[in-house]
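The exercises below concern one structure, shown next. Work each task from the coordinates before reading its solution.

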Amino acid sequence: MKSELFDILRCPYCGGVFDLVESLFHRTDGDDIQDGILGCQCCIFPVVDGIPVLHLQPNATTARDLVQAGKPDLALRAMVGLESEADAEAFEATARSATSTYRDTVDALGPNFEGGYFLYRFSDPTYLVAQAVVRSVAKTALEGTRRAIDICGGSGHLTRSLLDLSPQPPVLADLFFAKMWLARRFTAPGCEPVCCDGNAPMPFARGAFAYAMCADAFMYIWTKRQFVGEMARLVDDPHGAPGAVVIAHTHNERTWSPSHGQPLSPDGYAALFETLPPRIFGESALFADVVAGGPLDLTRREGSDLLDREPALTIVATERGDVFARHALEEPAAEGDYHLNPLYAVEPDGDRVRLRLQFPSDDYADEYGACRQYLPEEVVVHRAAFETLPGPAVPPALEDLVRRRVVLRLPNRYA
Ligand SMILES: [Zn+2]
């Protein structure tokens, strides 16, 4: 972690500022703290492999003891959560290798780690809607200068779309250390991960951010009232322009969905916001905007009869009127090459190549089948154009396939 992060980090329990405890084991590299112990007024917490761990769950206290004992490698094992020696060694081998990929690391973390669909994440419908909302609201609220936070951001797929919106790196907050470790290395390089518990107060100063988001996770948070109060606090800078809060893709208590969680009704969600005015959008209309190629229309107001029937909702809460506008869709500028979407099978056909949409499983088709609205069943492209993939740019013949998500810009060393 960069030592400038001390300006915005606060203890989740006493609210105090942190210092590196110089008398205890630590390793630093210039302004970067690699391993060490942070102290506040009430407690001490470890920094493990550059990631501050600001909660007191058993893996965190084990890691803290191991850092104090001068064993940072074992502290990393404790936080990554590998049970057997063989698994730990497999993870460490991929971690040491400069050529290992996101996929290699996920494989080393075992079959239970990611659910297997990460390969398709960048073209799934939920992701595309969330990315469009995130880009539109964050770009407006950050004004090119202020800082963003992605809470429960997991392995950083949406954090990636914040990287180019501000010179200050976005903070990625999550309880799952291994996911953030992957995010910093592959998906959202340059982000600042902070390991913390979404069911506890957030370990950040009031007004540290101009934009706070939580995507695809809020229905799994138990302490929803506290969580929303904390998001509002994080963007409440008394000296700056008003900030914005986004809760993207949260389920609706009024409808059934797979992986339901503990959702609220649209009115129930609205009632959580005591200090910021919320607007709730059904995901269907936002998805239609994205399929149409934009603009994303955040001026719309949907009635409760319509919202009650929506399986997934997006909430935008802010005093900024300019957020509720029609926003042109734009791609994030994060680094990465163009690849064929792995949902396509390739059949050579003379000087052409036939690409055919193929889902990895029936479950995938059930949950993400709406992608058929932009992913064509079959496309034929010239072999010469196809053979530029993977590459840093696409020829004009493939530009439409980028728009349709048949060709994706993926993080470096992703798959
Ligand atoms: Zn404290």
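**Exercise 1.** Locate Ser166 relative to the strands, and list the polar contacts of its side chain.

*Solution.* Step 1: Ser166 sits in the loop that joins strand 6 (148–151) to strand 7 (171–174); helices (H or I, at least four residues) and strands (E, at least two) are DSSP runs numbered from the N terminus. The model is predicted, so local features need pLDDT of at least 70 and side-chain atom pairs count only at pLDDT 80 or more, while totals for chains, interfaces and linings use all residues. Residues are numbered from 1 along each chain as its sequence is written, and side-chain values use heavy atoms, with hydrogens and water left out.

Step 2: the relative accessible area of Ser166 is 10%, so Ser166 is buried (under 20%; exposed is over 50%, partly exposed in between; 1.4 Å probe, protein chains only).

Step 3: a polar atom of the Ser166 side chain lies 2.7 Å from the backbone oxygen of Arg146, and the side chain also reaches the backbone nitrogen of Gln168 at 3.1 Å. A polar contact is a pair of N or O atoms within 3.5 Å; within protein, one must be able to donate a hydrogen and the other to accept it, and residues adjacent in sequence count only if both atoms are side-chain atoms.

Step 4: leaving out residues up to four places away in sequence, Ser166 touches Leu142, Gly144, Thr145, Arg146 and Arg147 (contact: heavy atoms within 4.5 Å).

**Exercise 2.** Which residues of helix 1 are buried, and how are they arranged around the axis?

*Solution.* Step 1: in helix 1 (residues 58–68), the buried residues are Ala60, Ala63, Arg64, Leu66 and Val67.

Step 2: these residues cover an arc of only 165° around the axis, so they are on the same side of helix 1. The arc is taken over the directions from the helix axis to the C-beta atoms. An α-helix has 3.6 residues a turn, so residues three or four places apart point the same way.

Step 3: the packing partners of these buried residues are strand 3 (32–39), strand 4 (44–48) and helix 2.

Step 4: just after helix 1, Gly70 has a positive phi of about 75°.

**Exercise 3.** How many salt bridges does the whole structure hold, and where do the partners Glu92 and Arg77 lie?

*Solution.* Step 1: the search gives 29 salt bridges, each a side-chain nitrogen of Lys or Arg within 4 Å of a carboxyl oxygen of Asp or Glu.

Step 2: Glu92 pairs with Arg77, with the closest N and O atoms 2.7 Å apart. Glu92 is in helix 3 (residues 85–96) and Arg77 in helix 2 (residues 72–80), 15 residues apart, and the pair links distant parts of the chain. Glu92 is buried at 18% relative accessible area, and Arg77 is buried at 19%.

Step 3: Arg300 and Asp289 form a salt bridge at 2.8 Å, N to O. Arg300 is in the loop between strand 12 (296–297) and helix 10 (304–307) and Asp289 is in helix 9 (residues 283–291), so the pair ties together parts eleven residues apart in sequence. Both Arg300 and Asp289 are buried.

Step 4: Arg356 and Glu347 form a salt bridge at 2.4 Å, N to O. Arg356 is partly exposed at 31% relative accessibility, and Glu347 is partly exposed at 36%. A network of salt bridges links Glu347, Asp349, Arg354, Arg356 and Glu378.
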